[in-house]
Amino acid sequence: MLGTGGGLRVVDVGGGTGGFAVPLARAGHDVTVIDASPDALAALSRRAAEAGVAQRVHPVQGDADGIADVVEPASADLVLCHSVLEVVDAPADVAAAVATTLRPGGAASVLVANRAAAVLARAAAGQFDLAVAALQDERGRTGERDTLRRRYDADSVTALLAKAGLTVEEIHGVRVVADLVPGGVAEREQEALVAFELEAASRQPYRDIASQLHLLARRS
Ligand SMILES: C[S@@+](CC[C@H](N)C(=O)[O-])C[C@H]1O[C@@H](n2cnc3c(N)ncnc32)[C@H](O)[C@@H]1O
């Protein structure tokens, strides 16, 4: 199904200030962004206007599990759900709403925080108590002060999406080592770091220690 301008019909759940929505609109796609934050949506509107794509970006204030109130079920070609499943009240409801929004054969792009990365990052920083907490906690949290409500691994997020009726086709690691490499090295060796990341992203076990896991899933 095509959007009004001939591009894909995209829904960005928890799309925030449009870091993904605006480039997609610039590429010719029609993007509805549903987000709980009015401030984020205001920034999104400004950004879309500055990029000259305001007519292809539709900001809507709403809850991630209420997509059906905003977008016709089974109508989207692509639903983005990036860095959202780790902060919402009911991730299973959000995953179900993503699946309901997709047309049969449509794709979901899901990005989640990876528990293994949180453990390794805390340990590498010498915060061993936080690393142990993240290992032991059922949800991979480092404690009460953790800003995320949960983290995932490849199996747990695959199971969550499968339960919603989404079949995972690909999993990539995002920032396998980029967050661990000292800033100066990352800057100096940027090209080589990117080459490494691209090579490692789909290979296990490297994929499984990346800061985020990116899943491409499809509604059958
Ligand atoms: C970490 S940001 C991610 C933004 C964007 N998806 C990205 O990857 O750059 C999480 C976003 O989810 C939104 N959010 C959190 N809970 C939500 C909910 N229940 N319904 C809709 N949006 C929500 C926040 O307002 C925020 O913009």
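Buried means under 20% relative accessible area, exposed over 50% and partly exposed in between, with a 1.4 Å probe and protein chains only. Helices (H or I, at least four residues) and strands (E, at least two) are DSSP runs, numbered from the N terminus. The model is predicted: local features need pLDDT of at least 70 and side-chain atom pairs count only at pLDDT 80 or more, while totals for chains, interfaces and linings use all residues. Residues are numbered from 1 along each chain as its sequence is written, and side-chain values use heavy atoms, with hydrogens and water left out.

## Helix H6

Asp-155 and Lys-163 are exposed residues on the face of H6 that is turned away from its buried side. The buried residues of this helix are Ala-154, Val-157, Leu-160 and Leu-161. They lie on the same side of H6, because they cover an arc of only 135° around the axis, taken from the directions from the helix axis to the C-beta atoms. These buried residues pack against H3, E5, E6 and E7, where contact means heavy atoms within 4.5 Å.

The N-terminal end of H6 is capped by Asp-153, with a side-chain oxygen 3.1 Å from the backbone nitrogen of Asp-155. Such a polar contact is a pair of N or O atoms within 3.5 Å; within protein, one must be able to donate a hydrogen and the other to accept it, and residues adjacent in sequence count only if both atoms are side-chain atoms. After H6 comes Gly-165, which has a positive phi near 95°.

## Nonpolar cores

A nonpolar core is a set of buried Ala, Val, Leu, Ile, Met, Phe, Trp, Tyr and Cys residues joined through side-chain atoms within 4.5 Å. The largest core has 32 residues, and Val-98 and Val-110 touch the most other members. At least two residues each come from strand E1 (9-13), strand E4 (76-82), helix H3 (91-101), strand E5 (102-113), helix H6 (154-163), strand E6 (166-174) and strand E7 (212-219). H3 gives the largest share, five residues. A second, separate core has 14 residues, including Val-10, Ala-21, Val-22 and Val-57.

Beyond its neighbours within four places in sequence, Val-98 contacts Val-13, Ile-67, Val-79, Cys-81, Ala-108 and Leu-166.

## Charged residues

A salt bridge is a side-chain nitrogen of Lys or Arg within 4 Å of a carboxyl oxygen of Asp or Glu. The count comes to seven, and the table gives examples.

| Salt bridge | Closest N and O atoms |
|---|---|
| Arg-149 and Asp-89 | 2.5 Å |
| Glu-169 and Arg-218 | 3.2 Å |
| Asp-208 and Arg-207 | 2.8 Å |

In the salt bridge of Arg-149 with Asp-89, Arg-149 lies in the loop between H5 and H6 and Asp-89 in the loop between E4 and H3, so the pair ties together parts that are 60 residues apart in sequence. Arg-149 is partly exposed at 33% relative accessible area, whereas Asp-89 is exposed at 64%.

Glu-169 pairs with Arg-218, linking distant parts of the chain, strand E6 and strand E7, at positions 49 residues apart. Glu-169 is partly exposed at 44% relative accessibility, and Arg-218 is partly exposed at 30%. In the remaining pair of the table, Asp-208 is partly exposed at 24%, while Arg-207 is buried at 11%.

Asp-146 is in the loop between helix H5 (128-136) and H6. Asp-146 counts as buried, at 9% relative accessibility. Leaving aside neighbours within four places in sequence, Asp-146 is in contact with Gly-140, Arg-141 and Arg-151.

## Ligand surroundings

There are 15 residues around the ligand, and Gly-14, Asp-35, Asp-63, Ala-64 and His-82 come nearest; a residue is counted as near if one of its heavy atoms lies within 4 Å of the molecule. A backbone N or O atom of Gly-14 is 2.7 Å from a nitrogen atom of the ligand. For Ala-36, a backbone N or O atom lies 3.2 Å from a ligand nitrogen atom. A polar backbone atom of His-82 is 2.9 Å from a nitrogen atom of the ligand.

## Backbone geometry

Gln-204 and Pro-205 are joined by a cis peptide bond with omega about 5°. Pro-205 lies in the loop between helix H8 (190-200) and E7.

Ala-74 is not a glycine, yet has a positive phi of about 60°. Ala-74 is in the loop between strand E3 (57-61) and E4 and is partly exposed at 30% relative accessibility. Ser-83, also not a glycine, has a positive phi of about 60°. Ser-83 lies in the loop between E4 and H3 and is partly exposed, with a relative accessible area of 36%.
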